[in-house]
Amino acid sequence: MGVLGAFKTIDAFGRTSEDVKVKTRTGALLTLVSAFFIVTFTLVEFMDFRKLHVDTAIVVDRSRGEKLQVVFNITFPRVPCYLLNLDVTDISGEIVREITHHVVKTRLDPVAFMPIQDGVYRTDLKNDLDKQVAMTSKGYCGSCYGGVEPESGCCNTCDDVRQAYSNRGWAFGNPEAIDQCVQENWTQKIMSMQHEGCNIEGRVRINKVTGNIQFSPGRSFVVNRAEVFALVPYLKDSNHFFGHHIESFEIYDYDEDTWTRTHLPEEIRERLGISRNSLDRFYAHTDNADYMFQYFLKVVKSTYKGLDGTSYSTHQYSVSSYERDLVTLGHGKNVDGEEIVHERMGVPGSFFNFEISPMEVIHIEQRQSWAHFLTSMVAIVGGVLTVASLVDALLFNTQGLIKKGAAAVAADEKQPYQPAPAVRIM
C-alpha cells in the first residue's frame, strides 16, 4: 500500500465520482435557498462589522480634588431680585454666601413676567453706586454703625453697611437711620421692586463633595452656629412666593466648556445622559409664602471614549424632590394621615442638595475585529450548508421510501388470485 496510500486513509473529504451522484430538483431548490441565506447573512454581518459599538462599564471613580460647575437658569416670578440670594455650602465646611460672580439677575415685569428694559439687577445697582461714590468728597469715610469694618475701615455705601451688619451677625432693620442708605434712596428703590419677579442665570463652582446650593430670601449669616436669614424689612410682609420655573440645570466638569457640550453628537449626548437633564423645563408652583422646595441630586461622573482615542468627561444626575409647608412649623401629616415631625425648622426658598456617587460610568467605542468577522463568515457558510445537506438528505430518503412503498403496493396488485387448497377432515 505504501506510505502515500496509508496517508490517503485519513482523508476526511472523500469524493464520489460524478456518475454515481444523483441530482434532483429538490436539491437545486435547496442550493438556491442556501445561497440566498448565505448572501443575506453575509451582508448583515458586514454591516455589523462596520458599525461602531459602545460598551458600558461601571468602575470606581478614582479622581481626587476635582471641582464641578453648576450652570443654571431659573425664574422666580414672585420674588424680587433684591430679595433673592444665592449661597453654596458643602460637607467640607466651605460656605460661599451672596454669590454674584458669573451670575446675572434680571428683573421681570410683575404682570407680563418679561424682562424689564435695562433691568439687569447687578449692572443697574452698580451704576447707581458709582454715581453716589462719585458725589462724595475724596476724603469721605462713612461710618459702619457698629458693624465689622472692612479693611479700608470705611462703609461708604448702604450695601457696605449691610455687609458690616451681616459680618457682625446683626439684622439690618432700620435703613432710615443710615445716612448712606438715605442718600442713595435705598428704601424707595426697594419698595419699587417688591412686586417684581427675577430671573437668575449663571454658573457657580462647587467642590466635588456632598453639599447644597440654595436660593433663599435675604442675606444669611451665622449666629451661635445657627444660620439666620435677614429679610428686608419692607418686603417681609409682601407675600413673595418661591414657586419657580427651571429652564435648565446642568452639572459640568470644571474645565468643561458649554460650547463643546452643546455641539456633541446627539448619540453621545444620549449615552452620557445629558441630552435632557432631569430638571430642565421643570415647573414648581405654590401660593404659600412660607414654602420650601428641596431637590436631592445624585451626581455620577460619565466618560465617553471614542475610537480615535479622544475622551470626553461630564456629569449627569438623577433627582427626587420634596416640598414642605412651613406654616405647620415642625409638625405635619403625610399623605396617609400619619403624624410627622421635622428635626429642624425650614426656610422659604429652593434648595438643591447634591450627593456625589463614588462610581463612574464609562462608555467605550469599539468595532469588531477582522478575526471576528472571518470567524462569523465561516460559521455562516458552514452552518447554512450543513443544515441544507441535512434537509436534502431527509427529503431524498423520504422520497425514496415513498417510491419504494408505492412500487411494492403496485406489485401486489398485479399478482392473480389463487384460492387456498381444500383440506379434508377425516
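Which cysteine does a disulfide join to Cys158?

**Entry 1: ground rules.** I am working with a predicted model, in which local features need pLDDT of at least 70 and side-chain atom pairs count only at pLDDT 80 or more, while totals for chains, interfaces and linings use all residues. I number residues from 1 along each chain as its sequence is written, and I take side-chain values from heavy atoms, with hydrogens and water left out.

**Entry 2: disulfides.** I looked up the opening question and found that the partner of Cys158 is Cys181, with S to S at 1.9 Å. I call a pair of cysteine sulfur atoms a disulfide if they lie within 2.5 Å, and by this rule I count four disulfides. The torsion about the S-S bond of Cys158 and Cys181 is 80 degrees, and the link is right-handed. Since Cys158 lies in helix H4 and Cys181 in helix H5 (residues 179-183), the pair ties together parts that are 23 residues apart in sequence; helices here are DSSP runs of H or I with at least four residues, strands are runs of E with at least two, and both are numbered from the N terminus. Cys158 counts as buried at 0% relative accessibility, and Cys181 counts as buried at 3%, where buried means under 20% relative accessible area, exposed over 50%, and partly exposed in between (1.4 Å probe, protein chains only).

I then turned to Cys141 and Cys154, which form a disulfide with their sulfur atoms 1.8 Å apart, and whose link is left-handed, with -105 degrees about the S-S bond. Both cysteines sit in the loop between helix H3 (121-135) and helix H4 (158-168), 13 residues apart. Cys141 is partly exposed at 42% relative accessible area, whereas Cys154 is buried at 16%.

In the disulfide of Cys144 and Cys155 the sulfur atoms are 1.9 Å apart, and the link is right-handed, with 90 degrees about the S-S bond. I place Cys144 and Cys155 in the loop between H3 and H4, 11 residues apart, and I find both of them buried. With the bonded cysteines numbered in sequence order, I read the pairing as 1-8, 2-4, 3-5, 6-7.

**Entry 3: aromatic pairs.** How many aromatic pairs does the structure hold? I find 16, taking rings of Phe, Tyr and Trp (its six-membered ring) as paired if their centres lie within 6.5 Å, with planes under 30 degrees apart counted as stacked, over 60 as edge-to-face and the rest as tilted. Phe72 and Phe215 are edge-to-face because their planes stand at 75 degrees, with ring centres 5.5 Å apart. As Phe72 lies in strand E2 (residues 67-76) and Phe215 in strand E8 (residues 211-217), their pair ties together parts 143 residues apart in sequence, and both residues are buried.

Phe249 and Tyr317 are likewise edge-to-face, their ring centres 6.3 Å apart and their planes at 85 degrees. Phe249 belongs to strand E11 (residues 244-253) and Tyr317 to strand E14 (residues 311-325), so this pair ties together parts 68 residues apart in sequence. Phe249 is buried at 2% relative accessible area, and Tyr317 is buried at 8%. Ring pairs link a cluster whose members include Phe72, Phe215, Phe249 and Tyr317.

**Entry 4: Val327.** Is Val327 buried or exposed? I find Val327 exposed, at 53% relative accessible area, in the loop between E14 and strand E15 (331-333). Leaving aside neighbours within four places in sequence, Val327 is in contact (heavy atoms within 4.5 Å) with Asn288 and Asp290.
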